[in-house]
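I opened the model and kept notes on what I looked up. The entries follow in the order in which I made them.

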Amino acid sequence: DKPFMPINCAGLPETLLESELFGHVKGAVTGAASDRKGLFEAADKGTLFLDEIGDMAPSSQAKLLRVLEDGIVIPVGSNKQTVVDVRIISATNQNLNNLIETKDFRQDLYFRIKGVNISLPALRDRAQDIPEFIDFFIKEAVTEVGSKITGITDTALTILTHYEWPGNIRQLRNTIRTMLVMCDRDKLDAADIPPEIAQRPQLASGSTPAGLAGLPLDELEKQAIADTLAKTKGNREKAAKILGIGERTLYRKIKEYNL
């Protein structure tokens, strides 16, 4: 029931980021027509989420460290001190240890923000989660767009499950929205998958076998199933979960493709 204030540290210039975090007084920065509280003050007794903290400029890191150490905020262009009590959650897609070695991230700040760590694997490393995300994003898009789409075909699901998703969740979400907008049937199908994804299928191992691109969809599906069965050592329950299909569907596909 307390304030939750998020900010993307990579999306703002250094001076504007400091103004957003610590506030400013009138005239301190370009366009500052009046005094303004920063996110630290706005999040007092609550939480401040610093997204992409690894992209924060060194000078901003030093000022952030000072606030975290003593809990005192000084707005840009002011000498007035304000005491705040804020919980910090930070996130980054970079390796902070590597940034510390290259002097791009302060080691003292790293140890200050390093409390409980949660490492989120890339989507390609947790293919078994993709079907659940797809189902969620379909329902989300249907509500927003007002579509009558009811689901996705097994073939399309298999192709999406074995794609490497370099853009992770955001890319998957946008792909589903694009497919849904363009689809004129009751279910999303392989024909609705954007060409850059449909033409670059990725198997569960993360590799792309030579000559796989350009094969018919049924052959892509067959090879995806065969690869997954090999990876799970024939365990159909595990294979079905990774593929995002039911065991009965998998059994039917195995018979159909004579695997």
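**Cysteines.** I started with cysteine 183, which is buried because its relative accessible area is 11%; buried means under 20% relative accessible area, exposed over 50%, and partly exposed in between, with a 1.4 Å probe and protein chains only. Cysteine 9 also counts as buried, at 2% relative accessibility. I then searched the whole structure for disulfides and found zero; a disulfide is a pair of cysteine sulfur atoms within 2.5 Å.

**Basis.** This is a predicted model, in which local features need pLDDT of at least 70 and side-chain atom pairs count only at pLDDT 80 or more, while totals for chains, interfaces and linings use all residues. Residues are numbered from 1 along each chain as its sequence is written, and side-chain values use heavy atoms, with hydrogens and water left out.

**Salt bridges.** I counted 12 salt bridges in the structure; each is a side-chain nitrogen of Lys or Arg within 4 Å of a carboxyl oxygen of Asp or Glu. I looked up three of these pairs.

- Arginine 177 and glutamate 144 meet through their side chains at 2.4 Å, N to O. The pair links distant parts of the chain, 33 residues apart, with arginine 177 in helix H8 (residues 168-182) and glutamate 144 in helix H6. Helices (H or I, at least four residues) and strands (E, at least two) are DSSP runs numbered from the N terminus. Arginine 177 is partly exposed at 27%, and glutamate 144 is partly exposed at 47%.
- Aspartate 108 bridges to arginine 106, with the closest N and O atoms 2.8 Å apart. Aspartate 108 is partly exposed at 35% relative accessibility, as is arginine 106 at 31%.
- Aspartate 192 pairs with arginine 185, the closest N and O atoms being 2.5 Å apart. Aspartate 192 is buried at 12%, whereas arginine 185 is partly exposed at 37%. I also noted that Asp154, Arg252 and Glu256 are joined into one network by salt bridges that share partners.

Next I asked what volume the largest pocket has. I got about 1400 Å³. On a 1 Å grid over the protein atoms alone, a pocket is an open set of points where a 1.4 Å probe fits, with protein on both sides within 12 Å along at least five of seven lines, and lining residues have an atom within 4 Å of a point. Of the 37 residues that line the largest pocket, Ser90, Ala91, Thr92, Asn93 and Ile118 are the closest to its centre. Two or more lining residues come from each of helix H3 (58-70), strand S7 (87-90), helix H4 (96-101), helix H5 (107-113) and H8.

**Backbone.** I checked for positive phi outside glycine. Lysine 45 has a phi of about 70°. Lysine 45 sits in the loop between helix H2 (39-42) and strand S4 (47-51) and is exposed at 53%. Asparagine 258 has a positive phi near 55°. I placed asparagine 258 in the segment after helix H12 (247-256), and its relative accessible area of 70% makes it exposed.

**Helix H6 again.** I went back to valine 145, which is in helix H6 (residues 130-145) and is partly exposed at 43%.

Notes: Points joined across faces, edges and corners; volume = space filled by probe spheres on them.
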